[in-house]
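Me: I'm new to this one and would like to learn how to read its strands and helices. Can we go through it together?

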Amino acid sequence: MKTFSVCCLLMIAYYTCATVNADVYFRDPKPNNEWWSSTILYQVYPRSFKDSNNDGIGDLKGITQKLDHFVDLGIETLWVGPFFKSPMYDIDMGYDVEDFYMIDPIFGTMDDLEELVFEMNKRNLKLIIDLIPNHSSSKCEWFEKSIKQEGKYKDYYVWRNASNQDEVLSNSSITPIPPNNWLSLFGGPSWTWNKQRKQFYYHEFRKQQPDFDMRNPEVKQQILDVMEFWMDRGVTGFRIDAFKYLYENISLPDEPFKPGRSNASEYTEMYHIYTTDQPEVIDSALEWRAFMDDYTKRKNKTISSLMSTESYSPVNVLMQYYGNFMNSGAHIPFNMGLVIIKKDDHIVESIDTAIKDWLYNLPENAVPNWVMENHDNPRASTKFGALTVPMFTALKLALPGIDVTYFGGPIAGRARDYQRCPMQWDNSINAGFTEEKKSWLPVNPNYYKLNVETQKKNPTSNYNFYKKMSQLRKTGTLKNGDLQTYNITKSIYILKRSLLEHESYIVVTNFGSETETIILSNVIRDIKDELFVYLGSENSEYSPGNKVSTISTGYPLQLRPQSVVVLTDKYIEPESPSNGASGCIELSSKCISFICVFVLSRWFL
């Protein structure tokens with residue numbers, strides 16, 4: 001029996017304990033006391049969050065009604081999606097702005113926004129809103145005036161003659177030919193002929209979304225006016241949409257085709273080197289940040305404003321959005337590295353690469369950020385499965401810097417149709433989103449069991465897991481601590497956060513399909529022989545306060561497939577009754593001892 005036990009221990013050690021060095025070591029350069037430096041930025045998609053007037057569509061009053069939800073979760077900053085007046089075409093709902101100074105009636109009024117800001121201030125919450133400077137709706141008054149070439153609006157948009165302009169003007173039956181081969185992101189040419197003006201206008205997106213000419217000083221000033229208008233109404237900052245598309249090469253050269261695609265008609269079949277990330281995009285980042293900083297000083301604001309940018313650009317380009325030693329740029333160039341990872345056998349490697357790429361390229365004193373979900377991409381629960389939600393929650397919230405959370409994420413909302421489906425608040429009609437019989441998108445029929453109120457009552461739910469990780473972010477270790485990552489196998493990924501004279505925290509995830517035994521002392525140097533469980537996913541069988549051995553003897557970590565535990569060297573009071581693995585081991589030992597005593601007493605008596 002002793003030989004068998006020794007062999008088992010050796011096999012476990014051989015299987016899981018090859019010495020592994022830290023893959024990433026990120027030392028926090030210095031404490032950043034700015035309010036946004038370790039905030040959670042929670043994205044609210046307003047149409048789907050909460051309907052207050054029972055028309056089946058979410059609105060600003062609905063957000064106000066649910067502000068205590070954010071307080072309970074430990075959220076400090078709300079990013080509310082576009083609520084400007086818009087035709088609300090199904091093609092890109094809300095991102096086709098008709099009036100940049102008006103709230104669309106379906107979302108409410110200026111009074112509703114004033115109430116929202118007032119109630120947020122009472123709860124020390126900050127408001128970030130979408131800004132869409134690349135284009136407007138074709139219904140926008142500015143575009144209609146530009147068609148008519150009225151005053152300053154004449155060149156507000158990108159207008160160009162047809163390649164055969166002279167022929168078209170002399171013969172109305174001639175079909176106008178676009179000035180080049182540029183394609184729209186949504187398919188077809190990015191040029192649309194306007195019969196009234198007799199010119200093409202450019203649109204990176206739909207033809208109903210004409211692009212502004214950002215080289216026009218009048219347009220630049222208009223965007224600044226829009227920013228000031230909303231900041232005067234209590235907005236703390238902006239998430240700037242479609243940032244990399246702001247400028248196009250002024251000479252309008254054809255874009256090159258990818259190899260073997262010489263007759264391409266699809267956007268993905270070309271290299272878009274003349275319509276994305278032109279040098280002036282970086283200039284805009286610097287100019288808009290300078291404007292926002294100046295606004296803060298002019299208005300004697302007690303907190304700084306916040307500028308974030310959305311762009312699926314290469315990491316080396318996104319790093320330029322941060323600015324330089326002379327001039328600051330965006331506080332948060334959104335990091336989409338985790339958004340684009342795929343579900344395959346290389347998921348651990350992909351996560352590791354995404355984290356490495358961002359941190360290794362990060363400019364000095366810049367703050368990292370992490371995005372996993374948004375309104376344009378599938379939810380993690382849909383993409384990777386519901387069990388992985390607490391795994392990604394632990395990883396993201398344990399990483400240094402800013403977390404970006406998409407609405408519904410903390411309850412592992414799994415979209416029935418896609419990621420914009422209504423929030424599931426409780427088990428009442430339409431999940432408490434609306435009392436209208438039919439909401440603007442169908443509510444997932446699983447709302448009777450998957451909703452906020454049900455999960456609040458369950459201490460091991462995804463909601464409470466998220467809440468406890470959010471609380472952990474308030475510690476000095478997670479605010480200012482160093483980061484080490486360990487890419488152990490194709491299944492096991494580990495993060496460690498540590499800070500001198502503070503407790504350490506270790507996140508251990510198992511993305512595999514088998515239970516794994518991890519001898520942490522063979523992976524992490526200078527680690528105590530025994531750690532405590534701060535938090536475990538429901539399927540991990542670990543509870544707060546359970547003990548875990550980091551050496552091969554005792555009770556080493558045994559992690560179930562698609563589960564996560566967060567460990568610490570700080571004593572954690574055990575929960576009672578315990579349902580954790582080490583608790584089971586300790587209970588089993590007591591049972592065995594009792595049985596042995598009973599058998600011996602029967603033998604001798």
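Me: Let's start with a strand: what stands opposite Asp403 in β14?

Reply: Ile40 does. Strands here are DSSP E runs of at least two residues, helices are H or I runs of at least four, and both are numbered from the N terminus. Two strands pair if DSSP finds at least two bridges between them. Strand β2 (residues 40–44) pairs with β14 in the parallel sense, over four bridges. β14 also pairs in the parallel sense with β13 (residues 369–371), over three bridges, and there Asn369 has Ile402 as its bridge partner.

Me: What kind of model is this?

Reply: A predicted one, where local features need pLDDT of at least 70, side-chain atom pairs count only at pLDDT 80 or more, and totals for chains, interfaces and linings use all residues. Residues are numbered from 1 along each chain as its sequence is written, and side-chain values use heavy atoms, leaving out hydrogens and water.

Me: How many of the five residues of β14 are buried?

Reply: Buried means under 20% relative accessible area, exposed over 50%, and partly exposed in between (1.4 Å probe, protein chains only). In β14 (residues 402–406), five of five are buried. Ile402, Val404 and Tyr406 point one way, Asp403 and Thr405 the other.

Me: Now a helix: which residues of α4 are buried?

Reply: Asp112, Leu113, Leu116, Val117, Glu119 and Met120. Seen down the axis, they fall within an arc of 170° (taken from the directions from helix axis to C-beta atoms), so they line one face of α4. The face turned away from that buried side carries the exposed Asp111, Glu114, Phe118, Asn121 and Lys122.
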